[in-house]
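Here's a quick tour of one protein chain, taken a region at a time. Keep the viewer open and follow along.

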Amino acid sequence: MKSDNSNRQRQDIRLLRDRFVEGDDGAFAEIYRIYARELYAFGIFLRAKTEIIEDALHDVFVELYQRREKLAGIQNLKVYLMVAFKNRLFYLRKKEQISIEITDRQAYFYSDSNYMETLMEYEDSLLETNRTVKKVMSELNAHQQEVLYHRFIEGLTIDEIALLMNINYQSVKNLLHRSIKKIRGGMPGRGTPS
């Protein structure tokens, strides 16, 4: 059932993309509405400053609008936008000479502004689990965190992650396997699988 919804969503996005390529500005506005928040959350995950995230978003969507005809051959608009956004973000960071040690970052998987309020309502046992998960996640390296973010938060396929992270398919599978194994090994009552 989930696969049917996913296929239908991809088809809807392709139709939206086609309308935009043909000159429909309403389709552009819908593409922006669908992806701007996700890209913003991705920028936070990459620990960029708000101003740089906003500039990168602006630049990516302006270029998308100006070069709409290039979208005709794009199979996955989400991955295309994420790659363009990530590249633009890194370019702007370098241009502004902002030095952020990416290898020490921790994943920020929660973009909902009400998360902290909701978290406070949980029982103490859930808070302890949350602390444990954060501790285990902080022990993952940057690539492990990023591959988990793309796979389980963004819902990307292994092929899409490989394209986005500029690594091969098997490397993505290996990163996922090692990350999950490390998480399982770090959770109380969960040993490393045999």
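## Around helix α7

Let's start at the N-terminal end of α7, which is capped by N141: one of its side-chain oxygens lies 3.0 Å from the backbone nitrogen of H143. Bear in mind that this is a predicted model. The helix has 12 residues and spans 15 Å from first C-alpha to last, close to the 16 Å expected at 1.5 Å a residue. Just past α7, G155 adopts a positive phi of about 75°.

Y149 comes in at 2%.

## The nonpolar core

The largest nonpolar core has 44 residues, and the ones touching the most other members are I31, F42, F61, L64, L81, F85 and L89. Two or more residues each come from α1 (2–21), α2 (25–45), α3 (50–66), α4 (77–95), α7 (142–153), α8 (158–165) and α9 (169–186). The top contributor is α2, with nine residues.

Leaving out residues up to four places away in sequence, L64 touches F20, F28, I31, L71, Y80 and L81.

## Aromatic pairs

There are nine aromatic pairs in the structure. Take Y32 and F61: their ring centres are 4.8 Å apart with the planes at 70°, so this one is edge-to-face. Y32 sits in helix α2 and F61 in helix α3, so the pair ties together parts that are 29 residues apart in sequence.

F45 and Y149 make a stacked pair, 4.2 Å centre to centre with 10° between the planes. That pair links distant parts of the chain, F45 being in helix α2 and Y149 in helix α7, 104 residues apart. Here F45 is buried at 0% relative accessibility, and Y149 is buried too, at 2%.

## A cluster and a charge

Back to Y32 and F61: together with F20, F28 and Y65 they form one aromatic cluster. Two of these, F20 and F28, are also among the residues that L64 touches.

The charged end of R68 sits over the Y65 ring, 4.5 Å from its centre.

Notes:
Residues are numbered from 1 along each chain as its sequence is written. This is a predicted model: local features need pLDDT of at least 70, side-chain atom pairs count only at pLDDT 80 or more; totals for chains, interfaces and linings use all residues. Side-chain values use heavy atoms; hydrogens and water are left out. A nonpolar core is a set of buried Ala, Val, Leu, Ile, Met, Phe, Trp, Tyr and Cys residues joined through side-chain atoms within 4.5 Å. Buried means under 20% relative accessible area, exposed over 50%, partly exposed in between (1.4 Å probe, protein chains only). Helices (H or I, at least four residues) and strands (E, at least two) are DSSP runs, numbered from the N terminus. Contact means heavy atoms within 4.5 Å. Rings of Phe, Tyr and Trp (its six-membered ring) pair if their centres lie within 6.5 Å; planes under 30 degrees apart count as stacked, over 60 as edge-to-face and the rest as tilted. A charge sits over a ring if NZ of Lys or CZ of Arg is within 6 Å of the ring centre and within 35 degrees of the ring normal. The expected span of a helix is 1.5 Å times one less than its number of residues. A polar contact is a pair of N or O atoms within 3.5 Å; within protein, one must be able to donate a hydrogen and the other to accept it, and residues adjacent in sequence count only if both atoms are side-chain atoms.
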